[in-house]
Amino acid sequence: MPPPDAASPEPAAVVTARGLTKRFGATLAVDDLSFDIRAGEMYGLLGANGAGKTTTIAMLLDLITPTSGEVRILGERYPAGRERILSRVNFSSTYVSLPLRLTVWENLRVFAALYSVPRPAARIEGLLERFEITHLRRHRVGDLSSGQKTRVYLAKALLNDPAILFLDEPTASLDPDMADKTRRMLEQTRAEQGTTVLITSHNMAEMEQLCDRILFIDKGRRLMEGTPRDILTRFGRATLEEVFLDVARGGGRVEEPA
Amino acid sequence: MNLTRVAGLTRRYFYLYRSSMPRLLEQLYWPVVDLLVWGFLTIYLQRFEGTLPNFLAYFLGGLILWDILFRSQVGVSVAYLEEVWSRNLLNLFVSPLRPGEFLLSAMSIAVMRVGFTTTVTLVIAWGFYGFNAFVMGVWIAAFMVSLILMGWSMGMFISALIMRFGQGAESLAWGLIFLVQPVAAVFYPVAVLPPALQHVSQVIPAAHVFEGMRQVLDGAGPPLHHLAWAYGLNVIYLLGAASFFYYTLAEAKREGRLLRVGE
């Protein structure tokens with residue numbers, strides 16, 4: 001993904017986190033994290049297991065209340081702007097399911113109502129077609145393969161035509177073919193709708209391919225932020241996987257310039 | 001037969017029970033509840049030495065109305081549990097759905113469940129035992145609504161407990177209401193209870209409903225006093241349970257429990 005043109009004005013930030021901190025008892029899960037995500041950007045959150053990625057996303061979605069710090073989504077804050085924010089964003093995670101006994105259509109119809117989607121039937125039909133799952137509409141979600149489920153989860157996540165999409169490891173548990181198809185669908189969605197995407201993944205090649213910028217966090221703290229190319233340069237590595245291993249094994253700590 | 005393997009798996013269950021207070025309490029719960037209900041019923045029957053008037057109506061009426069309370073509560077609690085079981089809770093909480101809207105949906109499906117079950121039990125009671133619950137006249141509707149309201153408040157309270165203590169506490173959804181049964185005087189009058197428990201009955205809406213039911217079946221006039229108590233208490237409990245649900249949700253967000261649903 002090419003870096004933004006320096007001559008063009010930077011798009012406004014649609015997600016702003018300032019001094020975001022979350023403490024669970026004696027454990028500091030997220031420590032003074034600040035970042036901005038610009039409109040239309042694909043922004044990656046990278047870190048080892050337990051680095052604080054999920055807690056950070058959960059704070060951005062009002063699933064966890066920060067101990068301190070501020071979150072602004074589309075210029076609004078929780079809890080006052082909760083309904084307005086959540087009607088314009090959506091979320092999908094490999095680790096969160098949809099009711100398994102409901103069919104694909106029934107699930108999407110329920111969530112279309114939750115997001116007050118106008119003309120829901122037409123919207124659902126369009127998404128089923130885009131994700132090539134029209135033939136699965138009467139199948140129960142519990143009967144689908146992992147790849148099919150992922151496409152249904154993504155269709156659910158796009159029902160309300162979100163301004164911002166939060167994706168927690170969307171390609172985990174998928175085979176390489178299905179993971180590649182999923183990435184193409186994400187890129188297509190972003191290109192067609194200009195959706196801002198915050199994505200976490202343990203697939204480093206995927207993050208390199210998809211993300212405009214990446215925030216590397218370690219033990220809840222900001223380690224580095226930049227384009228994938230910036231990060232490789234600063235660590236002096238050829239791939240993000242090598243950078244990840246450096247960070248995870250403690251050998252690659254790089255302080256950002258003030 | 002490898003006894004080491006048997007011991008290993010037994011150890012697995014022992015660890016589970018040792019670390020789960022809800023599972024431990026359940027071991028005592030049912031024996032105690034059964035002993036109380038059947039004990040008080042036996043005392044009641046002994047007093048009349050087999051010549052109890054209206055016993056069929058008391059008993060079947062009590063059973064049908066009790067089931068309304070039970071289904072209403074379970075309907076609300078299981079609506080929450082369905083989302084836990086299907087790992088769908090986070091999808092709901094990241095949607096614009098308000099907690100109050102979630103609760104109203106749960107209450108709506110609870111009423112549908114009550115309607116379905118009660119229709120069947122009323123028909124069976126009439127067809128098999130010749131008991132027509134509508135001999136209670138319009139009062140049966142007032143009793144049903146009151147019990148549905150109490151079921152809603154208990155359902156919200158229990159859902160909040162499951163949110164607080166995790167899926168290990170899910171048996172509360174089917175069990176906690178039976179803690180109320182002995183003092184709700186479903187099958188016997190409140191007067192059968194020891195004086196201390198009679199005071200407890202005064203603050204149980206269902207106890208007033210069942211006392212009112214017996215009053216109507218005895219032809220002793222409109223149960224207005226009991227209904228006023230039942231509805232007044234229901235208002236207090238509904239507000240209390242909704243507040244407790246909201247408080248527990250806010251605490252779950254502070255403690256990160258919503259992400260650990262299922263444990």
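In what order do the elements of chain B run from the N terminus on? They run α-α-α-α-α-α-α-α-α-α-α, and chain B accordingly holds 11 helices and zero strands. The structure is a predicted model, with scores of ipTM 0.88 and pTM 0.87. Chain A, by contrast, contains an open sheet of six strands and an open sheet of three strands. The two chains touch, with 20 residues of chain A in contact with 17 residues of chain B.

**Chain B: extent and confidence**

- Along the principal axes, the C-alpha atoms of chain B fill a box of roughly 60 × 55 × 40 Å.
- The average pLDDT of chain B is 90, and 97% of the residues score at least 70.
- Within chain B, confidence is lowest in helix H2 (residues 21–48), where the mean is 79. It is highest in helix H11 (residues 224–255) of chain B, at 97.

**Chain B: the crossing of H5 and H6**

- Helix H5 (residues 99–129) and helix H6 (residues 139–165) of chain B have axes that come within 11 Å and cross at roughly 135°.
- Because of this angle, H5(B) is oblique to H6(B).
- The crossing in which H5(B) passes H6(B) is right-handed.
- On the side of H5(B), the contact is made by B:Leu103, B:Ala106, B:Met107, B:Ala110, B:Val111 and B:Val114. H6(B) contributes B:Ile148, B:Gly151, B:Trp152, B:Gly155 and B:Met156.
- Sorted by class, the contact of H5(B) with H6(B) has nine nonpolar, two polar and no charged residues.

**Chain A: the six-stranded sheet**

- The strands of this open sheet follow the order S5-S6-S7-S3-S8-S9 in chain A, and their pairing is mixed.
- Strand S5 (89–93) and strand S9 (221–226) of chain A stand at the edges with a single partner strand each, so one side of each has no neighbour in the sheet.
- On average, neighbouring strands of this sheet are turned by 15° against each other, direction ignored.
- Strand S3 (residues 42–46) and strand S8 (residues 213–218) of chain A pair in the parallel sense, over four bridges. In this pairing, A:Leu45 stands opposite A:Leu215 in S8(A).
- H1(A) packs on the sheet and touches S3, strand S6 (164–168), strand S7 (196–200) and S8 of chain A. The direction of H1(A) makes about 150° with that of S6(A).

**Chain A: the three-stranded sheet**

- Here the open sheet has the order S2-S1-S4 in chain A, and the pairing is antiparallel.
- Its edge strands are S2 and strand S4 (68–73) of chain A, each of which pairs on one side only.
- From one strand to the next, the twist averages 15°.
- H1(A) also packs on this sheet, where it touches S1, S2 and S4 of chain A. The direction of H1(A) makes about 120° with that of S1(A).
- Strand S1 (residues 13–24) and strand S2 (residues 27–38) of chain A run antiparallel and are joined by eight bridges.
- S1(A) and S2(A) form a hairpin with two residues between them. In the turn, A:Gly25 has a positive phi of about 60°.
- S1(A) and S4(A) also run antiparallel, joined by five bridges. The bridge partner of A:Ala17 in S4(A) is A:Val71.

**Where chain A meets chain B**

- Helix H1 (53–60), helix H2 (82–86) and helix H3 (104–114) of chain A each supply at least two residues of the side that touches chain B.
- H1(A) gives the largest share of that side, three residues.
- By class, the side of chain A that touches chain B has 14 nonpolar, five polar and one charged residues.

Notes. Residues numbered from 1 in each chain as written. Chains lettered and ligands numbered in written order. Predicted model: local features only at pLDDT ≥ 70, side-chain atom pairs only at ≥ 80, totals over all residues. Contact = placed C-beta atoms within 7 Å. Nonpolar A, V, L, I, M, F, W, Y, C, P; charged D, E, K, R; others polar. Pairing = 2+ DSSP bridges. Axes fitted to C-alpha atoms, helices over the stretch in contact; angles between N-to-C directions. Parallel < 35°, antiparallel > 145°, perpendicular 65-115°, else oblique. Left-handed = near helix turned anticlockwise from the far one by under 90°. pLDDT = per-residue confidence, 0-100.
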